[in-house]
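Hi,

Here is the structure I said I would pass on to you.

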Amino acid sequence: DVCHITNELARPAGFRARDHAPAMELTELAPLLFGLAMLAGLIDAIAGGGGLITVPLLLWVGLSPVEALATNKAQAVWGSFAATANFARQRTIDLRTALWAVACTFVGAACGALLVQHLGSDLLARLVPLLLIAFALYFLFSPRVSDIDSQHRISRNAFALTIGTTVGFYDGFFGPGTGTFFAMGYVALLGYGLRRATAHAKLLNFTSNLAALLFFLAGGHVVWAVAIIMAAGQLAGGWLGAHLVLRHGAPLIRPVLVIASLAVSVNLLLDQLT
């Protein structure tokens with residue numbers, strides 16, 4: 001038997017059947033979709049890498065690769081929004097100085113989302129694991145990684161044009177580990193402490209998620225019946241994750257960043273071997 005949705009009113013548009021997925025209705029899948037989305041939102045708020053959970057889940061329930069990417073953005077944007085709102089409420093984010101980075105990230109992510117609908121992402125799949133392993137080693141051993149701010153190495157405008165645009169493009173085009181890339185940039189280039197870097201990284205991650213989603217919407221690839229269930233989980237997970245970051249800081253963020261970076265790397269490397 002293949003995956004099927006017996007209630008036609010609940011069938012998400014574009015929902016695909018896959019031989020390896022069990023036959024069940026969307027209502028039966030809802031607890032799994034909600035629970036794993038909540039876990040992904042929590043992990044994303046702390047370190048990034050939640051897509052490692054949600055994208056395989058979306059492929060498993062029967063979505064095509066482009067539908068999975070689009071639907072992933074439609075649910076992940078709510079987790080990054082919840083985390084960003086919590087960080088902003090606690091005044092951990094300086095919105096005024098981050099506006100240029102937000103604008104550049106939006107443009108980069110929009111371009112990436114447009115391009116991925118026409119091209120494959122095989123090259124990034126080969127390069128990203130190596131970068132994330134290098135970042136994991138940096139977060140593990142660098143004395144610069146703490147909750148204490150240090151001297152910045154480039155201007156905020158230069159950071160916006162380089163990290164904002166390129167990582168934003170990466171998130172729209174491919175995605176895994178985006179939060180780690182943003183946090184790495186804030187720590188290494190702007191000298192932010194890890195708690196502050198994580199908060200600002202989540203603001204840019206929300207921006208890139210939103211931009212990519214808008215352009216995926218234009219292509220009609222989002223499966224809303226799935227995305228709405230997962231969005232509820234993301235809201236809860238993102239808010240909780242931000243609360244944990246604010247409460248525990250670097251002692252929590254540092255190991256989770258290392259683990260998330262290595263987990264995404266291993267997952268991508270295994271995908272290339274299978």
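The chain has ten helices and zero strands. Both are DSSP runs, numbered from the N terminus: helices are H or I with at least four residues, strands are E with at least two. Keep in mind that this is a predicted model, where local features need pLDDT of at least 70, side-chain atom pairs count only at pLDDT 80 or more, and totals for chains, interfaces and linings use all residues. Residues are numbered from 1 along each chain as its sequence is written, and side-chain values use heavy atoms, with hydrogens and water left out.

Now the overall picture. Of the chain's 274 residues, 49% count as buried. Buried means under 20% relative accessible area, exposed means over 50%, and partly exposed is in between (1.4 Å probe, protein chains only). As for contacts (heavy atoms within 4.5 Å), take those between residues at least 6 apart in sequence: 80% of them join residues at least 24 apart.

On to the rings. How many aromatic pairs does the structure hold? There are five. Rings of Phe, Tyr and Trp (its six-membered ring) pair if their centres lie within 6.5 Å; planes under 30 degrees apart count as stacked, over 60 as edge-to-face and the rest as tilted.

One of the pairs is Trp78 with Phe81: the ring centres are 6.3 Å apart and the planes are at 80°, so this pair is edge-to-face. The two residues are three apart in helix H3 (residues 65-89), which means that about one helical turn separates them. Trp78 is partly exposed at 39% relative accessible area, and Phe81 is partly exposed at 39% as well.

Then there is Tyr186 with Tyr192, which counts as stacked because the centres are 5.0 Å apart and the planes are at 25°. Tyr186 is buried at 2%, and Tyr192 is buried at 4%. Tyr192 has a charge over its ring too: the charged end of Arg196 sits there, 3.8 Å from the ring centre. For that label, NZ of Lys or CZ of Arg must be within 6 Å of the ring centre and within 35 degrees of the ring normal.

Ring pairs also link Trp78, Phe81 and Phe206 into a cluster.

Last, find Ser208 in helix H8 (residues 194-219). Is Ser208 buried or exposed? Ser208 is buried, with a relative accessible area of 0%. Leaving out residues up to four places away in sequence, Ser208 touches Thr105, Ala109, Gly168, Asp171, Thr178 and Phe182.

Cheers
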